[in-house]
Amino acid sequence: MVNIGDIIFQILMMLILIGIAGVIIAFIIGLKRLIQKQGANEKRLQRMEQKLDDMLKNKKS
């Protein structure tokens, strides 16, 4: 006969492992989103720099 304590222990271990996997997946998704935001911010900065350069060129000429 299988011990009920062993079954409960195994179920708890499985739940803990699933929880750890979920945390890791959420962390990876969060990192990806952060990197994407960083890229968008850099593009925005480049556009602003380009506009400023254009404005300076227009004033000089």
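Reader: What does the accessible surface of the protein chain come to, and what share belongs to carbon and sulfur atoms?
Author: The model discussed here is predicted. The accessible surface of the protein chain comes to about 6200 Å². Of this surface, the share that belongs to carbon and sulfur atoms is 69%.

Reader: How many helices and strands does the secondary structure of the protein chain have?
Author: Helix 1 covers residues 4–60. The secondary structure of the chain comes to one helix and zero strands.

Reader: Why is the protein chain described as more spread out than a compact globule?
Author: For 61 residues the globule rule gives 10 Å, and the chain is well over that value, so it is more spread out than a compact globule. Along its principal axes, the C-alpha trace spans about 90 × 10 × 5 Å. The radius of gyration of the chain is 27 Å.

Reader: What percentage of the residues of the protein chain count as buried?
Author: A residue is buried when its relative accessible area is under 20%. Among the 61 residues of the chain, the share that count as buried is 0%.

Reader: Which residues form the positive surface patch?
Author: One member, Lys 51, has its place in helix 1. Lys 51 is exposed because its relative accessible area is 59%, and exposed means over 50%. The positive surface patch is formed by Lys 43, Arg 44, Arg 47 and Lys 51.

Reader: How far apart are the mean positions of the positive and negative charges?
Author: The protein chain has 10 positive and 5 negative charges. The distance between their mean positions is 9 Å.

Methods
Residues are numbered from 1 along each chain as its sequence is written. This is a predicted model: local features need pLDDT of at least 70, side-chain atom pairs count only at pLDDT 80 or more; totals for chains, interfaces and linings use all residues. Side-chain values use heavy atoms; hydrogens and water are left out. Patches are made of residues with over 30% relative accessible area and no salt bridge: like charges are joined within 9 Å, nonpolar side chains (Val, Leu, Ile, Met, Phe, Trp, Tyr) within 5 Å. Accessible areas come from the Shrake-Rupley method with a 1.4 Å probe; for residues, only the protein chains shown count as cover. A salt bridge is a side-chain nitrogen of Lys or Arg within 4 Å of a carboxyl oxygen of Asp or Glu. Lys and Arg count as positive and Asp and Glu as negative; His and the chain ends are not counted. The place of a charge is taken as NZ of Lys, CZ of Arg, CG of Asp or CD of Glu. Helices (H or I, at least four residues) and strands (E, at least two) are DSSP runs, numbered from the N terminus. Buried means under 20% relative accessible area, exposed over 50%, partly exposed in between (1.4 Å probe, protein chains only). The radius of gyration is taken over C-alpha atoms; the globule rule is 2.2 Å times the number of residues to the power 0.38.
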